[in-house]
Amino acid sequence: MSPAPTPSFEPPRPLHAAFGWLVFGFFIFTQAYAVLTSPADAMMGHLQKIMYVHVPSAWVEFAAVGVVLFGSLYFLWKEDERADLLAASSAEVGAVFCGLTLVQGMIWGRPTWGVWWTWDARLTSTLVLFLILVGYLALRSFVEDPHRRGQWSAVVGIIGAINVPIVWMSVKWWRTMHQIQSNPRSLSPEYLRGLLLNLAAFTLLTAWFIWRRYEAARYERAAEHVSQAAALGGIDG
Amino acid sequence: MANGMIENGGIAYVVAAYVITWVVLGALLAHAVGSARRARAEYDQAVKGGYRT
Amino acid sequence: MVGLLGHNGCGKSTFLRIVATLLKASAGDCFVYGANVKSDGDVVRHHVGFFSHVPGLYDDLSARENLAFAATMLGFPEADIDAALERVGLTHVAHERVRGFSAGMQRRLSLARLILQRPRLLLLDEPYNNLDVAGIALMNGFIRELNAAGGAAVVVLHDLVPAQGVLDRTVTIRDGRVHTPTAADLRHGGDSPQAITLPVGAAGIS
Amino acid sequence: MAFRDDVRRIRAIVWKDLTTERRSKAGFSAVAALGVTILVLFGLALGPDGKALQSAAAGALWLAILFASVLAFNRSYQVELDGGALEALLLYPGSRWAIFAGKLIANLLFVLAMLVIVVAVGIVLFAVRVPAEWAALLGIMMLGVVGIVSLGTFYAAMSSRSRAREVLLPLLLYPMLIPVLLASMEATKAFLLGDLLNASGAWVQMLSLFDVIFLVATFLGFEYVIEV
């Protein structure tokens with residue numbers, strides 16, 4: 001009467017290769033489409049085109065944090081290690097996009113505002129989010145025991161995700177106090193289609209990245225389990 | 001943010017932003033595919049070794 | 001009292017730590033007086049006394065202060081600390097800091113903590129280490145007293161000699177399996193080496 | 001009944017932590033001296049212009065308190081790790097939150113004592129004009145310290161038991177504390193500079209809100225952190 005096998009020790013069902021090709025094909029198409037079809041903006045000229053990588057990066061970074069939050073909560077609730085591995089993969093991909101968003105924002109800010117950096121609420125909270133994700137990943141790399149690592153990083157992930165809106169709120173308020181206003185501009189419809197297409201492409205791409213990293217993590221855990229079982233006298237039921 | 005302040009419509013900045021994005025995404029792609037493949041191979045190795053004992 | 005034997009690293013201490021709620025088993029269930037160690041940890045901790053291989057004392061508190069702290073934490077603030085100190089023979093150093101104590105004195109102080117607690121299930125991890133002959137006698141006396149009062153004890157041992165007279169039977173863990181003359185009493189709970197089901201009844205390991 | 005037991009446990013942990021801290025002698029004075037040293041360094045970085053020092057005083061004070069208290073958080077768990085005391089602590093019956101509450105209160109008292117010294121020195125070094133509403137200012141500092149200590153005590157429970165604890169705690173803690181620090185600094189600054197924008201009220205409200213959120217989150221999360 002052996003208990004149900006722990007799902008995280010099973011090897012994952014790998015994603016079909018065609019999905020990756022489709023996602024990348026779509027991504028290249030949407031990027032080319034948006035860049036080639038969008039007219040130069042009256043105010044910003046071609047700079048506006050940065051939007052097609054910047055806004056989707058920012059969106060998927062927050063979506064990735066959402067997945068971290070979900071995975072962490074689910075792990076604490078059900079103690080399913082797969083949720084922990086999913087959260088970790090998502091944090092990693094999220095950190096990459098977070099860094100990308102920052103760099104793109106700076107490249108856009110330099111010609112627009114004349115400075116590489118401004119303590120704007122969005123920029124600042126993205127930077128803080130990046131630091132929180134780095135901290136999360138550092139914690140994971142410093143803890144070996146899988147159960148402890150899962151539990152600790154789940155809690156850190158949840159509280160980190162809670163902190164994101166709080167940081168945003170406090171920085172926004174901080175700037176209001178110092179009477180610095182950001183001026184948001186509404187988007188004209190001729191740019192909207194390219195942006196929406198890229199948002200979709202980035203979302204799919206991120207999902208694919210996270211899934212691939214998740215697969216790798218599952219294989220690693222399964223391999224660990226197999227060699228552990230082998231060391232204790234072979235695999236049986 | 002005055003009109004016409006940006007030379008060439010800021011092409012150089014646009015190119016820089018896209019190049020950086022694609023390079024980073026390319027690196028992430030290589031990392032994701034490579035790590036999944038390596039982990040897969042490691043797992044297969046462990047299974048083979050595990051049954052032999 | 002049941003002795004738990006086995007090679008180094010076979011999971012004896014791990015087993016005790018799972019029963020004591022310090023570790024969570026990756027598979028299988030464990031019940032102490034009907035309470036699940038995974039889900040009802042607090043109930044289990046009321047029943048279980050764990051004598052670990054580390055003293056678990058505060059170096060900068062005196063022997064008496066350490067026991068007073070333990071008594072409050074155990075929920076017995078009115079416990080007779082002086083009697084416990086007397087019994088383990090540490091009355092003369094009651095007000096000295098634990099930092100200056102020898103390993104054997106620290107073990108005695110840890111024993112005094114168990115005496116305050118009087119647990120129903122005693123878990124002992126190599127309890128005779130660093131104890132002199134008198135200390136061993138103290139330990140065995142306490143175990144016998146608990147047994148007589150209806151308590152049970154599980155002890156991890158590498159040497160059976162000091163436990164003679166208090167040990168009812170032994171269980172050996174080998175290759176993640178339980179080998180015992182009373183195998184019917186111990187159900188093997190899964191493919192994990194840590195997953196052993198030991199149903200513990202009121203009068204000992206049933 | 002069980003609740004009264006937990007309150008007794010909290011009191012015992014606070015007493016135990018403060019007693020061991022007091023007896024280890026060098027602990028508190030070293031941490032407080034570090035806080036003062038950081039203030040001196042800030043003074044050198046920002047001075048000697050008196051006006052600049054005055055306007056930077058609030059930020060310097062809070063950062064000095066933050067940097068010094070981070071050492072206190074790791075120390076607070078070091079006591080438990082020596083000789084496996086944490087294991088014994090976890091074996092006692094009772095709620096896990098009582099352990100957190102005890103450690104939190106002990107750290108709070110420790111940091112507040114340090115804050116008194118650091119602020120006193122800061123008032124002198126940065127030529128701070130003490131406002132008439134100094135009691136309210138003390139309240140703000142109290143709120144800020146609660147935020148720092150709740151998250152600090154919480155994260156130190158992990159970092160102190162991991163590799164590289166010296167770098168891990170600040171790496172995890174500082175980004176998380178940005179809202180609390182920002183609110184504390186701005187509220188303090190508004191008070192010290194005569195509350196020109198009447199801004200401190202809003203900051204105090206925000207700070208209280210942050211404190212409540214982080215206290216609830218850390219109290220709920222502690223059980224998961226300490227048990228493994």
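In chain D, 82% of the contacts with a separation of 6 or more are between residues 24 or more positions apart. Here, a contact means that the C-beta atoms of two residues, placed from the backbone, lie within 7 Å.

This is a predicted model: local features need pLDDT of at least 70, side-chain atom pairs count only at pLDDT 80 or more, and totals for chains, interfaces and linings use all residues. Residues are numbered from 1 along each chain as its sequence is written, while chains are lettered from A and ligands numbered from 1 in the order in which they are written.

**Exercise 1. Describe the fold of chain D, then its overall dimensions.**

Step 1: start with the helices (H or I, at least four residues) and strands (E, at least two), which are DSSP runs numbered from the N terminus. Chain D has eight helices and zero strands, so its pattern along the sequence reads α-α-α-α-α-α-α-α.

Step 2: check the radius of gyration, taken over C-alpha atoms, against the globule rule, 2.2 Å times the number of residues to the power 0.38. Chain D comes out at 18 Å, close to the 17 Å that the rule gives for 228 residues, so it's as compact as a globular protein of that length.

Step 3: look at the principal axes. The C-alpha trace of chain D spans about 55 × 35 × 30 Å along them.

Step 4: turn to burial. A residue is buried if 20 or more other C-beta atoms, placed from the backbone, lie within 10 Å of its own; it is exposed if there are 12 or fewer, and partly exposed in between. In chain D, 50% of the 228 residues are buried.

**Exercise 2. Work out what chain D brings to its contact with chain A.**

Step 1: the contact takes 24 residues from chain D and 25 residues from chain A.

Step 2: on the chain D side, α7 (165-192) and α8 (200-226) are the elements that give two or more residues. The largest share, ten residues, comes from α7(D).

**Exercise 3. Is Val37(C) buried or exposed, and what does it touch?**

Step 1: find Val37(C) in the loop between β3 (35-36) and α2 (41-47) of chain C.

Step 2: count neighbours. Val37(C) has 22 C-beta neighbours inside 10 Å, so it counts as buried.

Step 3: leave aside neighbours within four places in sequence. Val37(C) is then in contact with Ile18(C), Val19(C), Thr21(C), Cys30(C), Val32(C) and Val44(C).
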